[in-house]
Every structure is written in structure tokens, then in C-alpha cells.
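Open the model in your viewer and follow the stops below in order. Each stop says what to select and what is found there.

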Amino acid sequence: MAESVELPSRLAILPFRNKVLLPGAIIRIRCTSPSSVKLVEQELWQREEKGLIGILPVRDSAETATVAPSLSQGLGTDSVERNSKSQVGVSDAHKHESKNAQEVIHWHNRGVAARALHLSRGVEKPSGRVTYIVVLEGLCRFNVQELSTRGTYYTARITSLDMTKTEMEQVEQDPDFISLTRQFKATAMELISVLEQKQKTGGRTKVLLETVPVHKLADIFVASFEISFEEQLSMLDSVDVKVRISKATELVDRHLQSIRVAEKITQKVEGQLSKSQKEFLLRQQMRAIKEELGDNDDDEDDLAALERKMQNAGMPAHIWKHAQRELRRLKKMQPQQPGYNSARVYLELLADLPWQKASEEHELDLKAARERLDSDHYGLVKVKQRIIEYLAVRKLKPDARGPVLCFVGPPGVGKTSLASSIAAALGRKFVRISLGGVKDEADIRGHRRTYIGSMPGRLIDGIKRVSVCNPVMLLDEIDKTGSDIRGDPASALLEVLDPEQNKTFNDHYLNVPYDLSKVIFVATANRIQPIPPPLLDRMEVIELPGYTPEEKLRIAMQHLIPRVLDQHGLSFDFLQIPEEMVKLVIQRYTREAGVRNLERNLAALARAAAVKVAEQEEAVPLSKDVQRLASPLLESSLADGAEVEMEVIPMSVNNHDISSAFKASSPLIVDEAMLEKVLGPARYDDRETAERVATPGVSVGLVWTAFGGEVQFVEATAMVGKGDLHLTGQLGDVIKESAQIAMTWVRARATELKLATVEESNLLEGRDIHIHFPAGAVPKDGPSAGVTLVTSLVSLFSQRRVRADTAMTGEMTLRGLVLPVGGIKDKVLAAHRYGIKRVILPERNLKDLVEVPSHVLSSLEILLARRMEDVLEQAFEGGCPWRQHSKL
Ligand code: ADP
């Protein structure tokens, strides 16, 4: 530690930019500017004994100067490293000089004399410039009297500001000084002990506190803190020791406080850290416990389980690689991180998909398959035959890429159940994919994973559900897909059904190809027309016409009733539905091509019966025998104090067992009263047609809907008006035009048809005509109502009733030609269902009658019409009396 030194009256001055060297501080500087190099060289390097130099702070010109004198800058400043080993911030004096040529340099008028503790010289390559590294120790303050230049550097005339020994002794007596000293030492001690705690050092500093005079200690302490230039300056300016000590106390105290605050923060952070560490430890323990219990549902265990599942999924090599990449990504994510869940769900899908898992296809037994089809379905002989053929081909050539079977027919005719029978016959799993209302291609192909809430398409989803790669997949209602702006699902389906392409089916969500070639596709549709031709091209259409009432009766008796009873836990011992009643259900409660509603109605009867049985059960008294047996046994056991042994008899949940447990004394037989009670009043009856055509102006048409054929009444009425035609009943453009054509045709032939005399040939004179198609809420369209419209108008104008037993269909041209229409088979079946006896059809539809079951045909009189007059001839009782007079 520096003792008080004798200062010379003149010192070479080294300027320190924005920096103060306080007495007692040791500093290492690198001199690079020509002036400082010169100064070091002359004042320190070339001298025998190490000389003294003066360190004078200078203020950056940007800062306000308060000190004088100001000189034009001609000197550079050197970089300073406080007690640092590394050398930083080399300042280039020349650059600096040229940059700040106009700047003024503000010298502080107090400085510190410094002694060089160490000097080293270096030569910069390739410029050959000499630099010095100097370690300086601050000794004592001085005052600048006068500044002058010596060559390239400054010198100053100075006076020492240190107190003499006697002055010092005097001050030491000062009570203020004593208390200030005590306060300083206490604060300093506190700081040291805090630092000691932190760094486990400080022994040496403590010794300092004991040995070094307090006014020097003040400088040494302050010099070791990071404080502002202003504070350093004011410390330098504290020539009075009392001021210096109190300032130092303040600074030491501030430093102490800042350390304490920092420590508090660290403690807090550490506290939190240790909390999470604690949690981590607990989790580890929990995992160990769970592992011990074989109960691993932890997150990481989950991932491990997922990885295991992925390994067992049998993915092809390239997909396994992709999956691993995704898994690595997932592992790096935090569970709370957005995207974690979706990435996980995706991997779950990859792991769940049956990449190789297939149902084992057993040797196909055609006889068994035929038996199965027969036992599941009544009738449908041709359809079953076609299915057997299909299966036979598969048996001979398992990888045959035959066309996809497509069952077409109204709802409830057994399309789905046939497909599931195929699956059963082949021993494969069955999955149904509903395509009804699919307008978005993404429904088939999935959404890309970049979308929020993205999902795989229905096909991949179906494959996941069924979890084998070779199921029988039913593409249900393939005719109900439509295309709009969101793409064309049909084109995606085309890829699915194409054996060349479906090997590498590309689902957007899955993003890796999936092999669908092992899947057997079966499609269903209600109608052929809406199926896009390219799709239809890939399929073999098998039409399932609707059933006749007789067929429905057989289906009900042989298949539906046993199945419904079984589903409701009943048997024939509880409920019997006689044939007569089933017939009534068919006639009065269902008017459908299939048997779905019939099945539903039968189920309603079964439910009602189940309630009755359940009520009976409550009323059954406990058998006396049981009571007699139970009581003494129980009593004696208790009396003896012996243990009561109990045998637990398992309660079976099998419906049969429950029902047989409460065997009713006599079965419930469904009668008309029960039908009405359970199913409500009859919805249709045979007299309906007769009643509806009781007034002139009403005719019976046959139309085609997605539910098969239907009977459609057309009502026409006239009223006072201006000759307008009103049409109601949710009609489309085509049907409206048909009405116009019908009106025109009737008006044009009014006199020939004897609807009007020559004088009053304008049928619409003073009246409006209103035509209505009942079931007003159902949209209707198509040209096949043409003949029905004319018939109703002729009936209206002639005031003659149309025959109630006759229904008709056919398009009519303006000239009265009857054109063929579609859906003949369904329409004829519908007429048969409605109890209609005579059907008028376009002559050119004759060929379509081969599709109609013969027993239906035999129960109907089919009347063929070429021209409208032929229709009218047949539609009215006693024919068309005006015909012979007609010139047509
Ligand atoms: P679709 O798919 O044509 O709409 P489903 O296959 O769902 O009709 O058939 C409806 C119900 O009718 C099913 O319970 C089915 O078993 C039954 N069903 C239909 N046709 C027959 C039939 N020919 N023999 C026995 N049950 C039938």
C-alpha cells in the first residue's frame, strides 16, 4: 500500500477520458496514441527508477464542462482496464484526432499522481507502431496549477492535496471524524461479511480494514465499485477527509444495499428453482411408484408407450422414418406448447393405422356364403346370385381387380346388410362410410395438418376404426356426394376405387401414402343418375327394387320379427304378431319401397310389449316355497351364532335370461286395438285413392323419389278469374312447364274433346285455373307428370271423375305424344303398394317392365299409351266417349 509520497512540482500528464484513477486503486492501461506512447517512453520507460506521472480526468466534449482550462484537443486518450487481464477497447488516437478535430477537451483541475508498477512494450505488426501496457497505482491527489506541453504530451505544474502528518493527527482527534470513521468501518465490515458469505473470500480485505488509514480506505473501497464518472469525480474532489469518508460511507452503503437486493432476487429465483426441482424429484418418485404398480400414465411414459405402439404398427420403412422424425419433434416440445396435442394426435393415428394388420381370410366356402346370404335376406334371388358370382371370382383369383359392386335402390331394401353379409362370407371386418352430403373433397382426403382442427378423411378414419387393412368398406350413398367450390369429392373417390391409384392413396392429413388396395369396396346409392359417369364406370350396378307387400310380409315374418324380439329381450312366448297384423302394419302404417319403417313399427310394438312384461314382473308375488325355505335356515344359523355361508349367484344380463326369469303365463298377441294404441291411427288406407279422386279434377300420377316410387295426386280446380294458371306444391321449372304444356294442349283441343262448344272455345274465359300437387312441402320436379296434368284438367273441364283404380306416368309433348320416362319399376311397385289395379305407361316403356317382379305385374293391368288420347281413353270410366268424334 502506497505511503504518502513527495510529489515533484511538475508532472507529465496522462489524460483519462471519462475515467478517474483514485488513490489506492491499481489500473492497467494500454497506451497506443503517439502522445501517450511518447509520454510513457520518456517519463517511465527510459528512466532508471520508476517515475511518477499525473492522471487527469478529461470529460467528453459532449458533456458539459465545468472545469477549466479548455484546450484544443491535440492528445488522444488511452483505454483503461481496471485490474483486468484482458485488453479491451483500443482507442486510435489519430482516428480520434481527425474525427474530433474541432472538439475541445475539458480537463478536470484535480488529478491523481500515479506510479508505474509494471511496464511492457510491444510492437504492432505490420505498422511497426510501438505500444505500452502500463500497470499504474494511484498515489495521491493533486491540484493542477498550470498545464503546458512538452513535445507531444502535456505536463502540469501541480501542488499536492494530501494532508501533512500533523494535519492528519489533528483531524484524527476530531470527534466527527471519529464517528464518521466508525460508521464507515461498520458499513465496510458489513459489506465484507456479505461478500465473504457470497464468495468465501475477504480475509485479506478484513486485514486492510485494520491496517490502512481510513481516509485511504475510503478511496480504495470506492475505487472498487462500479460508479458513475460524476461520482468518481466528486470522490476525487473530496479533498477534505471527513467529506471523503462520509461520501465513501454512503457509496459503500449503497453498494451493500444493491448486493442485498440482488441477493434477495437470487434467493427468490433459487426458491422457485428449488420448487421445480422438488417437483421434478417428486415426479421421479411418483414414476417409480407407478412403474412398481404397473400403472404408467405419465407423460413421458405415454410417449414411450406411443413409441412402442408405433414400433408395433408395422409401418413400411419410409413411413417409419417419417414417424420417427415426427416423434423426435414431439419429444422436444413441452406438453403445454401449442401444437403439442395435434402432433401427438397425428402420431397416435400413425400408430393406430393398420399398416399390415389384416383379418385372416379363410378359405371361401361358397356354399356357406350362399347359406349365409339366404339366412340373412329373403328373396333378392338375382342379387344374391350376382354376389355369389362375385365371391366365386374372388375365390379363384383373390387379387382380381373386378369392378366395385354398387347396390342401387331405395332406402331399407337391404343394401347395407347385403354388404355386411359379403364381409361375413369372406371373413373380413366390415366398415361403413357415409358419403351422404359430402361436398368437400377434404371429407374424403382429409385436411392438411396446417389447418386448426384438421382431421383425416373419412376413408382413413374408417380404416383406423376397423383396424385392419383389408376390410369390406361400404361407401354408403355414393350418389349423394356433390361438388362445389370446396373441391370435387367424386374425383377423390375415383382415386380410391382405381386399383392402379389406391395403392398409394394420399390423405392430406396423413401426408404419407396409404395402401387401400387390399380393401374390398362396396358402394350403395339410391339412384344411378347423380353418380358421376367416371365413377359409375368403375362400378357394377346391382339394382334392388323395392319389395311388394307380400315380400315385405315374408321378410317381416322370417327376419324382422325374430330380430326385433331378440333386440328387445323378448321371445315368441311373450309377444306374437300374427300375419294379419303385420299385413295391416304394411298397409296402414308404411308406404315405402324398403322395410325400414316396417322394422321401426315392429320395434315399437316390441317396446310396448317389453313394458307390459316388465310391469308383470313387478306384480309377481314372491313364491311361498321360497319364503318357507329361507326363513328357518336363516333363523337357525343366526341362533347358533354360526357363520352364515352365502352363495353368490351371478345375475346374467342376457335378455333371454331375464325374460325367461319372468315367463308370462300367456303370450301377448298383437291385435288391431294394440296396433292403434301403439302406432296411432292408420296413416294410409286403401280407400284413400278412391276418396281423393271422388271429385272431378283430381288424377293419380306415379312419380319417382329418392325413396323409390310414389303415388302423386294432381288436383285442378277452376274459379272466377282472368284466365291465369296458378301452380302450387313446391314445383320445379320442368314440372311448371309441363303444366303449361298440358294447359295449352287441353285448350287447343277443347272442342274436339267436347270440353267446350265452338262459340265458347276459350276454356279460360272468365276463370282462373289452379293446379296443386299435394304434400306441398316436398319439392317436386320432372317431366313425368305431363299425362297426369292433362288428365286432371280434362277431368275438371268435363266434370267427369277419373278412375280411382288407375294411376299413370309419362311425359307429353305439345302435340300430345307420350314420351317414355324413368323409374318404371319403382313406379309400378308403388302403384302395387297403393292397391292400384291399372297403370297407364308410355308405350316405349314396355321394355322396362321386365324388371318388375312377375307377381306384381300379374296383379296389375298395364295399359300402354302412345298418344295423350290413349291415356284419356283409359283414365275415365267407360273410356273416352268423345274419341270417335275426334279428328285427331
Ligand atoms: P339400405 O342399406 O338399403 O337402406 P338396410 O340394409 O339398412 O337398407 O336394411 C334395413 C333393414 O331391413 C335391415 O335390418 C335389413 O336387415 C332389413 N332387410 C332389408 N331387406 C331384407 C331382406 N330381403 N331380408 C331380410 N331383411 C331385410
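The model is predicted, so local features need pLDDT of at least 70 and side-chain atom pairs count only at pLDDT 80 or more, while totals for chains, interfaces and linings use all residues. Residues are numbered from 1 along each chain as its sequence is written, and side-chain values use heavy atoms, with hydrogens and water left out.

Leu 380 sits in the loop between helix H12 (366–376) and helix H13 (381–396). Helices (H or I, at least four residues) and strands (E, at least two) are DSSP runs, numbered from the N terminus. The phi of Leu 380 is near 50 degrees, a positive value in a residue other than glycine.

**Salt bridges**

A salt bridge here is a side-chain nitrogen of Lys or Arg within 4 Å of a carboxyl oxygen of Asp or Glu. The count by this rule is 42 salt bridges.

Select Arg 157 and Glu 146, whose side chains form a salt bridge at 3.8 Å, N to O. Arg 157 belongs to strand E9 (residues 153–160) and Glu 146 to strand E8 (residues 130–150), so the pair ties together parts eleven residues apart in sequence. Both ends are partly exposed: Arg 157 has a relative accessible area of 39%, and Glu 146 has 38%.

Are Arg 244 and Asp 219 buried or exposed? Arg 244 is buried at 3% relative accessible area, and Asp 219 is buried at 2%. Their side chains meet in a salt bridge of 3.6 Å, N to O. The pair links helix H8 (residues 241–293), which holds Arg 244, to helix H6 (residues 214–223), which holds Asp 219; the two residues are 25 residues apart.

Then pick Glu 307 and Lys 331, in a salt bridge of 3.0 Å, N to O. Glu 307 is in helix H9 (residues 299–312) and Lys 331 in helix H10 (residues 317–332), 24 residues apart. Glu 307 is partly exposed at 22% relative accessibility, as is Lys 331 at 45%. Select also Lys 309, Arg 344, Glu 348 and Asp 352, which are joined into one network by salt bridges that share partners.

**The ligand**

Finish at the ligand, surrounded by 19 residues (each with a heavy atom within 4 Å); the closest are Gly 412, Lys 415, Thr 416, Arg 563 and Arg 596.

- a polar backbone atom of Tyr 378, 2.8 Å from a nitrogen atom of the ligand;
- a backbone N or O atom of Gly 412, 2.8 Å from an oxygen atom of the ligand;
- a polar side-chain atom of Glu 599, 3.0 Å from an oxygen atom of the ligand.

On its own the ligand has 560 Å² of accessible area, of which the protein covers 91% (Shrake-Rupley method, 1.4 Å probe). Helix H14 (415–426), helix H19 (549–567) and helix H21 (596–619) are the elements that give two or more residues to the shell. Domain 4 (366–543) and domain 5 (547–613 + 660–684) both contribute residues to the shell, so the ligand lies between them; the domain bounds come from an automatic or database domain assignment.

Conventions
Buried means under 20% relative accessible area, exposed over 50%, partly exposed in between (1.4 Å probe, protein chains only). A polar contact is a pair of N or O atoms within 3.5 Å; within protein, one must be able to donate a hydrogen and the other to accept it, and residues adjacent in sequence count only if both atoms are side-chain atoms.
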